[in-house]
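Work through the exercises below with the sequence and the 3D structure at hand. Try each task before reading its solution.

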Amino acid sequence: MRFNDGFWLLKSGVKPSFGLQVVQGLDGGDGYILQVATKPIRHRGDTLAGPVLSVRVHSPTEGVIGVKIEHFKHIDPTPNISLFPDDPAVQGVTLSKAETNWSVATGGLTAEIAQNPYTITFKSPTHTLTAAGYKHQAIYDVPYKWTLRSASNSSCLATDVSSNPHPEPPPETVRYIHSELNLSPGELIYGLGEQFGPFVKNGQSVSIWNQDGGTSSEQAYKCVPFYITNRNYGVFVNHPGEVEFEVGSEKVSRVGASVAGESLEYFVIYGPTPLEAKRYTRLTGRPALLPSWTFGLWLSTSFLTSYDEKTVSGFLEGMQTRNCPVRVFHLDCFWMKQYEWCSFTFDPDNFPDPKAYLSEIKKKYGVKICVWINPYISQLSPIFQEAVQKGYLIKRKDGTPWQWDLWQPGLGVVDITNPEARAWYEAKLDALVDLGVDTFKTDFGERIPHANVVFHDGSDPMRMHNTFSVIYNEMVFRLLERRLGKGEAVVFARSATAGGQRFPVHWGGDCESTFEAMAETLRGGLSLTTSGFAFASHDIGGFEASTSQYGHKGHPPPEIYHRWVAYGLFSSHSRLHGSMSYRVPWQYGEAAATYMAKFLNAKHRLMPYLYSLSLEGHTKGHPMQRAMFIEFLEDRTTHYLDRQYMLGPSLLVAPVFVPDGEESEYYLPAGRWTSFFNPSRTLTGPTWVKEVVPIDELPVWVRQGSILCLGPDNVGRPDYDYAKALEVRVFELGEGQVVRAEVPTGKLAAIAGTVEATLKDGELSVRLAGGEVELALVSYFAGGKVATASATQGRSEVSLKL
């Protein structure tokens, strides 16, 4: 929200009340409770009227300081973002008070509060991080006309005559509460959920308001009120509804956050490295532990294609014979009859005996089964009237179900705040699990009505709009945990907000089949993984391919498909999915299957490394796909890079976004880098690389000092015993350097053992430092040369004389 006309003037009719002076400070146990006057207090007479802001500065957990600003205090509305849902808070705060200032210190972070003028300065042990300076906190009364461009007011949910047929008269003014933090010279902002625009958010206005808008606009499916900076801190605004951020936009040297209402709380989260965002996931929840089979190849029927049992079997057979084994097969919307979404019933014309058929293909092709669902019920669905009669749908204020025709005829939305509605919906999914379904693509959940509707439990519709996505995905995820066991649940979700990272996986929504959209997808994924999410996926090949642009049946051009396959198989989760055309590789030439088999085999072999990264995501909140600055903060060039990424700490991946024959460009930070696919090639950074990348290749570079554990060649699946027949690859160690890698079993969070490599006096020693791991081969890569040694059965140590 922008309140100013330029820097000096306010917009016409805007009335501010700035926090100016602390008039009282009380010890609150974990911080201070301040009374902040909005006018100068010179004598007792100045205390006779407000507004007075109540500001609580406190530490909920180590390394985190919260600031809660309230005007009119009352019972907290619902829903709220759940804090510390998985790991408990870590206590440790030091308070100190002087005559005119207070301080709160925890985990290397200190907040210094000045009385007059009222300011809060946040410091690390070495420097000032940011500050809420003079007049940086305020309440504003804003004429309604200035709010019309907010995401909630301009949304189709508010303006469409079917969604909101009888709009209430607007208020004359809207009350906002607002806070700003300084932006230092050179400071850059990242995150705020899955945003598809520029990766660096400086200069942008970002609304935390989930919308179904594709990947090519300012709208986003997964809006998260958390950002991280390149100065080793993040900021989380603890508000589930619409939060409007002005990131160096309204005021170019400040980040402003505002909400309509009487209360705003934010947390400053400090860490000596960017990965200390794990403190954010301590606050809002860690990503769940995923089964290892989810990291294999997912194949979809695609959306508008025609398919039946014969089509599905043909796809799976073709993939298997081309060495592209599918691990999860996904049936998109038309597994149900048209117009009936959702009925939760297989279309009998195409699947006359779904239980027998699913059992057959699972046994024959070794696949898990995923089916598409959403939280909407078409009025043509055979279960719609039951939902209406039992009050299971979100209602208008007159008691009738909220309905519109966008997506499905007369659809209603399941009111998941109603326990009976949740049990009813879960029973439908239970029946599908009984048929052999293993997981669900939990699509949609963004267009949740907020205008003139009521929820069963009385939740504030403005706060439910974003939160719905978390409750919906949690409901499905917990059902799968209950049915299949802990560590076996996964959803394939599109919508999310803060806390949604707990219920993975999430994919990037509807993108076009272009190089531009492929880059949008990567930007969105990197923004998401800097917002507390450990995993990110996308539609390999792009979702929408224009028939007029590409000739026939909505196929993407083969070169885009090839490049996207390589990128997709070096993402945390890999799914082939489109709209009007199939995404099986032979549709793009038989060579496409050869390329895919190469990259899929590489991903399968890398599973000991990749699964260990997923365990870090679960226990620490670390993302698998990482923006470059997260690993190379001291290299200022990396702060702007958004067309490449680190896959964990060791692998640099640079997808190709240019037509065949054109030069691709990417950056290698300092150190020696070894090509993963062509290890005789090494480069020394920092350097920019310009090269024509062959259509069957992907630039993947291994960082100096890395140790990679690989499974057997052509293992054919992502889920196997990672501790058997292990190849250990070590890259460019320094004299005396010791590196270690934990080897997971692939079952839940169990660790089979630890492998340790040491270079000393020209000899590399690789040994088992604990546990039970079967070493098969040890390779050392340095200067474009490789030395190898086989491990005889039962040996726990292998040495290489270099």
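This is a predicted model: local features need pLDDT of at least 70, side-chain atom pairs count only at pLDDT 80 or more; totals for chains, interfaces and linings use all residues.

Residues are numbered from 1 along each chain as its sequence is written, and side-chain values use heavy atoms, with hydrogens and water left out.

**Exercise 1.** Decide whether Trp8 is buried or exposed.

Solution. Start with the location: Trp8 sits in the loop between strand 1 (4-5) and strand 2 (9-10); strands are DSSP runs (E, at least two residues) and helices are DSSP runs (H or I, at least four), numbered from the N terminus. Next, take the relative accessibility of Trp8, which is 76%, so Trp8 counts as exposed. The cut-offs are under 20% relative accessible area for buried, over 50% for exposed, and partly exposed in between (1.4 Å probe, protein chains only).

**Exercise 2.** Decide whether Ser614 is buried or exposed, and find which residues it touches.

Solution. First, locate Ser614 in helix 13 (residues 607-620). Its relative accessibility is 2%, so Ser614 counts as buried. Then list the contacts (heavy atoms within 4.5 Å): leaving out residues up to four places away in sequence, Ser614 touches Phe295, Phe535 and Met624.

**Exercise 3.** Find which members of the largest nonpolar core touch the most other members.

Solution. A nonpolar core is a set of buried Ala, Val, Leu, Ile, Met, Phe, Trp, Tyr and Cys residues joined through side-chain atoms within 4.5 Å. The largest has 181 residues, and Leu331, Phe440, Phe570, Val728 and Leu764 touch the most other members. Helix 8 (residues 461-484) gives this core its largest share, nine residues.
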